[in-house]
Amino acid sequence: RPIELFIWKVEGLRSGGKLLKANDLFVEVHLGDNEPMRTRVHNNAGNACELRESLEFNIDENSQTAALTLLVMDQGVIASGEVARLRLATHELLGIEDSTGKRKRVL
């Protein structure tokens, strides 16, 4: 079934490794068998950024191995570097959805 993920902001980030330039941030999201998705790049964001973007995925509620992985990345000229990472198992993701009251249960 489809779910929508809202990414509001990231903050308290370390430097992505560039000495004299602020982070150019984007978020890459992986969930189960879905193709990885990315937000747009926010140039010169530094150590915090309001992203305000949403992404849609299909989730398999019965999967014991699927996990949502959020990677905060700093875009470079040749390659992008990882600044931060968050990993949530499917049951943790469903628990968050339950706490918002947005999960629809089929009887």
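Colleague: Which elements of the protein have the lowest and the highest mean pLDDT?

Modeller: The model is predicted, and among the elements of the protein the lowest mean pLDDT, 84, belongs to H1, while the highest, 95, belongs to S3.

Colleague: And what is the mean pLDDT of the protein?

Modeller: The mean is 85, and 90% of the residues reach 70 or more.

Colleague: Now the sheet. In what order do the strands come, and is the pairing parallel or antiparallel?

Modeller: The open sheet consists of four strands, arranged S3-S2-S5-S6, with antiparallel pairing.

Colleague: Which strands stand at the edges?

Modeller: Those are S3, residues 37-38, and S6, residues 81-89. Each has a single partner strand, so one side of each is left without a neighbour in the sheet.

Colleague: How many bridges join S5 and S6?

Modeller: Strand S5, residues 67-74, pairs with S6 over eight bridges in the antiparallel sense. The two strands form a hairpin, with six residues between them.

Colleague: Which residues stand opposite Met-73 and Thr-69?

Modeller: Met-73 faces Glu-82 in S6 across the pairing, and Thr-69 stands opposite Arg-87, also in S6.

Colleague: Which strands does H1 touch?

Modeller: Helix H1, residues 90-100, packs on the sheet and touches S2 (25-31), S5 and S6. The direction of H1 makes about 80° with that of S6.

Colleague: Let us change topic. How much space lies in the largest pocket?

Modeller: The largest pocket holds about 450 Å³. It is lined by 17 residues, of which Glu-4, Leu-5, Phe-6, Leu-93 and Glu-97 are the closest to its centre.

Colleague: Which elements give two or more residues to that lining?

Modeller: They are strand S1 (2-10), S5, S6 and H1. By class, the lining of the largest pocket has 12 nonpolar, one polar and four charged residues.

Colleague: What volume does the second largest pocket have?

Modeller: Its volume is about 200 Å³. The residues lining the second largest pocket include Trp-8, Val-27, Leu-70 and Arg-85.

Colleague: Which element gives the most to the lining of the second largest pocket?

Modeller: S1 does, with six residues. S5 and S6 are also among the elements that each supply at least two.

Colleague: How many residues of that lining are nonpolar, polar and charged?

Modeller: For the second largest pocket, nine are nonpolar, none is polar and two are charged.

Methods
Residues numbered from 1 in each chain as written. Predicted model: local features only at pLDDT ≥ 70, side-chain atom pairs only at ≥ 80, totals over all residues. Heavy atoms only, no water. Pairing = 2+ DSSP bridges. Contact = heavy atoms within 4.5 Å. Axes fitted to C-alpha atoms, helices over the stretch in contact; angles between N-to-C directions. pLDDT = per-residue confidence, 0-100. 1 Å grid on protein atoms, 1.4 Å probe; cavity = no way out; pocket = protein on both sides within 12 Å on 5 of 7 lines; lining within 4 Å. Points joined across faces, edges and corners; volume = space filled by probe spheres on them. Nonpolar A, V, L, I, M, F, W, Y, C, P; charged D, E, K, R; others polar.
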